[in-house]
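Visitor: Please walk me through this model. I want to know what the terms rest on.

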Amino acid sequence: MKKTCFMLVGVVVAMMILSGTVNAATAFATKFTVKQITGECLVKEPGATNFTAAKEGAAYAYGTVVKTGRKASAVVVFAPNNEGRVLAQTLVAIQEKAKPSDKLLNLTRGQVKVKLEKDFHKRNTLQVETPTAICGALECEFEVSVADVLNNMIQTLIHAIEGRISVAGQNFEIPVVMGGTTLTVTGNADRSQIKVEVTSGSLQILVPGAAGQPPHMVTLPVGSIFSAVTSGGMVTITVTIPKPDGTSETIVNVIVPSSTTTTTTTTTTTTTTTT
């Protein structure tokens, strides 16, 4: 009898695996739902000219803009166990890309905190885009905030809480950011000036190589700074990496933008300034 039961369990599990019901990712719904609304939460649906009060538990079409007031928040649900919390004083458009499985949170100001099931990426994609960076969800929980800072600059703060995300922007790419890592991406409106700073953890950033050489990965420990400045048709890439002895290494690449970006000069210097 026990042998027969074990055989039946084995058959059921095998059928579930073949049908994709074991550890299967949940497909994102055709509309998103807003719940746990506190304070003032407004929505502007596609085609509408004005914002109206969001309704608890209501479903909205992708393309809807969500706006929260002071001390307000709401949760946007894409599918069971896949959601994003919109925090106070935030303006974000919940969008759908070319494929229905690909979603985009276009964050103009404020903060969102995204939590997705581990296998969501097997059937869906989700990005958070700000004026200075694009964060791609891989398998994760992460938060992104954007705010104006001094000298007409815009700063994006990215905190990978668990799992993995990717980050990219003008003249830089970070394929994987592991949980526990925090970075800022600061730039101006036209993104001719971009600065990436690692404030906790470490990461690897893709840096253009020397003339005729492919891009290469550079490890950035906490305190490292990557900057890209575009001026006069040239892009100057500077990477500053602190060392344990208090010195820092600086790598400078000057690039001529084209359909296939090339590096014209590369210099490496080491400073002895104590940090």
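Guide: Start with contact: it means heavy atoms within 4.5 Å. This is a predicted model: local features need pLDDT of at least 70, side-chain atom pairs count only at pLDDT 80 or more, and totals for chains, interfaces and linings use all residues. Residues are numbered from 1 along each chain as its sequence is written, and side-chain values use heavy atoms, with hydrogens and water left out.

Visitor: What does Leu126 touch, not counting residues up to four places away in sequence?

Guide: Its partners are Phe28, Phe78, Lys103, Val114, Leu116, Phe120, Cys135, Gly136, Ala137 and Phe142.

Visitor: Which residues touch the most other members of the largest nonpolar core?

Guide: Leu126, Val128, Phe142, Val167 and Phe226 do, in a core of 58 residues. Strand β11, residues 134-149, gives the most to this core, with 6 residues. A nonpolar core is a set of buried Ala, Val, Leu, Ile, Met, Phe, Trp, Tyr and Cys residues joined through side-chain atoms within 4.5 Å. Strands (E, at least two residues) are DSSP runs, numbered from the N terminus.

Visitor: Why does Thr182 count as buried?

Guide: Buried means under 20% relative accessible area (1.4 Å probe, protein chains only). Thr182 has 13% relative accessibility, so it counts as buried. Thr182 sits in strand β14, residues 181-187.

Visitor: What makes the link between the side chains of Thr182 and Ser200 a polar contact?

Guide: A polar contact is a pair of N or O atoms within 3.5 Å; within protein, one must be able to donate a hydrogen and the other to accept it, and residues adjacent in sequence count only if both atoms are side-chain atoms. The Thr182 and Ser200 side chains are joined at 3.0 Å, so the pair qualifies.

Visitor: How much of the chain is buried?

Guide: Buried residues make up 39% of its 275 residues.

Notes. Buried < 20%, exposed > 50% of the residue type's maximum accessible area, 1.4 Å probe, protein only. Helix = DSSP H or I, 4+ residues; strand = E, 2+ residues; numbered from the N terminus.
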